[in-house]
Amino acid sequence: ETVEAYADQDVAIVGVAGRGDLDEMAAFVDETGVDGFDHVADLDGSIWSSYEVVSQPTFAFVDDDGSIELHQGALGADGLSDRIDDLLAT
């Protein structure tokens with residue numbers, strides 16, 4: 001629902017699954033219903049490392065200027081929407 005709420009705005013949401021088996025990653029996407037946006041398989045952990053992600057879940061918010069803010073832990077739909085709204089307002 002969060003993805004759909006921002007479909008007409010310049011927001012990209014990408015899931016990055018890491019350090020697992022491809023079949024397990026695909027099953028997670030299917031089972032959790034997060035198949036409404038793109039996902040990347042970070043098989044060697046290089047994407048996670050480049051964003052300094054050390055635990056799941058972690059959200060990396062990248063602003064237009066390239067600045068990155070990490071949020072470790074769950075956000076929920078409302079928390080995610082609030083953070084996206086904050087970024088869009090700047």
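Before you start clicking, one definition: buried means under 20% relative accessible area, exposed means over 50%, and partly exposed lies in between (1.4 Å probe, protein chains only). What you have open is a predicted model, in which local features need pLDDT of at least 70, side-chain atom pairs count only at pLDDT 80 or more, and totals for chains, interfaces and linings use all residues. Residues are numbered from 1 along each chain as its sequence is written, and side-chain values use heavy atoms, with hydrogens and water left out.

**Whole chain.** Start with a cartoon view: the protein has four helices and four strands, where helices (H or I, at least four residues) and strands (E, at least two) are DSSP runs numbered from the N terminus. Followed from the N terminus, the order is α-β-α-β-α-β-β-α. The C-alpha trace spans about 40 × 25 × 20 Å along its principal axes. Of the 90 residues, 18% are buried.

**Tyrosine 51.** Select this residue next, in the loop between α3 (46-50) and β3 (58-62). Patches are made of residues with over 30% relative accessible area and no salt bridge; like charges are joined within 9 Å and nonpolar side chains (Val, Leu, Ile, Met, Phe, Trp, Tyr) within 5 Å. The areas come from the Shrake-Rupley method with a 1.4 Å probe, and for residues only the protein chains shown count as cover.

**The salt bridge.** Now show the side chains of arginine 83 and glutamate 69, which meet in a salt bridge (2.7 Å, N to O). Arginine 83 sits in helix α4 and glutamate 69 in strand β4 (residues 68-72), so the pair ties together parts 14 residues apart in sequence. The term asks for a side-chain nitrogen of Lys or Arg within 4 Å of a carboxyl oxygen of Asp or Glu, and the structure holds one such bridge. Arginine 83 is buried at 18% relative accessible area, whereas glutamate 69 is partly exposed at 38%.

**Negative patch.** Colour Glu1, Glu4, Asp78, Asp82, Asp85 and Asp86, which form a negative surface patch. Helix α4 (residues 76-89) gives the largest share, four residues. Glutamate 4 belongs to helix α1 (residues 2-5) and is exposed at 64% relative accessibility.

**Last stop: glycine 36.** Look in the loop between α2 (22-32) and β2 (38-42). Glycine 36 is exposed, with a relative accessible area of 58%.

Note on methods:
Lys, Arg positive; Asp, Glu negative; His and termini not counted. Charge placed at Lys NZ, Arg CZ, Asp CG, Glu CD.
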